[in-house]
Amino acid sequence: MTLDAAPVVRAATAADLDRVAEIYAFYVLHTVATFEETPPGAAGWRARLDDLAARGLPFLVAEVSGEVVGYAYAGPWRPKPAYRHTAETSVYLARDRRGHGLGGTLLAALLTACAGTPVRRLIAVVAADDTTGAASIALHGRHGFTQAGRLTAVGFKHGRWIDTVLMERAVGGVGLP
């Protein structure tokens with residue numbers, strides 16, 4: 001499928017969350033890209049949107065011809081307070097919109113949005129085994145992320161053990177000492 005118009009990346013709103021939930025549900029139910037096993041509904045996404053907004057972290061959607069076709073956000077890396085200047089990236093596309101550069105468009109916009117926050121380091125946690133992860137690792141690599149390590153067999157989903165590759169990148173971090 002080709003893109004019928006240029007994507008518009010903008011801040012997510014509550015009106016986008018049903019579509020965000022639909023996009024993510026595919027990955028939860030049919031892939032190991034996420035270790036969640038039950039897809040959150042729109043209410044769960046509303047809580048996530050509100051939490052990120054309260055933290056000053058970006059949640060973006062990509063829209064093509066009025067349809068949300070992907071999203072990206074920076075969420076808390078870990079719950080302990082000392083990690084408050086580190087965030088984890090999440091980038092997901094509608095399954096029929098992969099391979100058209102939308103992931104790069106969203107990730108670039110996310111990096112720009114994070115530069116205006118107190119976040120100073122971004123982490124990507126990529127599920128990686130023999131069949132998954134290569135595209136996400138390449139995407140993050142093209143945007144300045146470097147591999148920081150691999151955690152072996154840390155997730156079990158769809159009847160198999162999955163590794164994660166940790167990638168990191170520095171960002172702006174305004175107002176920090």
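Helices (H or I, at least four residues) and strands (E, at least two) are DSSP runs, numbered from the N terminus.

A word on the source. This is a predicted model, in which local features need pLDDT of at least 70 and side-chain atom pairs count only at pLDDT 80 or more, while totals for chains, interfaces and linings use all residues. Residues are numbered from 1 along each chain as its sequence is written, and side-chain values use heavy atoms, with hydrogens and water left out.

Now the whole chain. The protein chain has four helices and seven strands, in the sequence pattern β-α-α-β-β-β-α-β-α-β-β. Its radius of gyration is 16 Å, close to the 16 Å that the globule rule gives for 177 residues, so the chain is as compact as a globular protein of that length. That radius is taken over C-alpha atoms, and the rule is 2.2 Å times the number of residues to the power 0.38. Along the principal axes, the C-alpha trace spans about 45 × 35 × 30 Å. Of the 177 residues, 42% count as buried, where buried means under 20% relative accessible area, exposed over 50%, and partly exposed in between (1.4 Å probe, protein chains only). Among contacts between residues at least 6 apart in sequence, 66% join residues at least 24 apart.

Next, the sheet. What is the order of the seven strands? The sheet is open, with mixed pairing, and reads E1-E2-E3-E4-E5-E7-E6. Strands E1 (8-11) and E6 (146-157) are the edges, each pairing on one side only; two strands pair if DSSP finds at least two bridges between them. From one strand to the next the twist averages 25°.

E6 and E7 run antiparallel and are joined by eight bridges. Methionine 167 in E7 is the bridge partner of glutamine 147, and leucine 166 in E7 is that of glycine 149. The two strands form a hairpin with two residues between them, and histidine 158 in the turn has a positive phi of about 55°.

Staying in E7 (residues 160-170), we come to isoleucine 162. Is isoleucine 162 buried or exposed? It is buried, because its relative accessible area is 0%. Beyond its neighbours within four places in sequence, isoleucine 162 has contacts that include Val32, Phe35, Ala127 and Val154.

Then the core. The largest nonpolar core holds 45 residues, and Trp45, Phe59, Tyr71 and Leu122 have the most contacts inside it. Helix H1 (residues 17-30) gives the largest share of this core, eight residues. Such a core is a set of buried Ala, Val, Leu, Ile, Met, Phe, Trp, Tyr and Cys residues joined through side-chain atoms within 4.5 Å. Leaving aside neighbours within four places in sequence, phenylalanine 59 touches, among others, Leu17, Val20, Trp45 and Tyr71.

Last, glycine 103 in helix H3 (residues 102-115). Glycine 103 counts as buried because its relative accessibility is 10%. Not counting residues up to four places away in sequence, glycine 103 touches Val91, Leu93 and Leu139.

Note on methods: Contact = heavy atoms within 4.5 Å. Axes fitted to C-alpha atoms, helices over the stretch in contact; angles between N-to-C directions.
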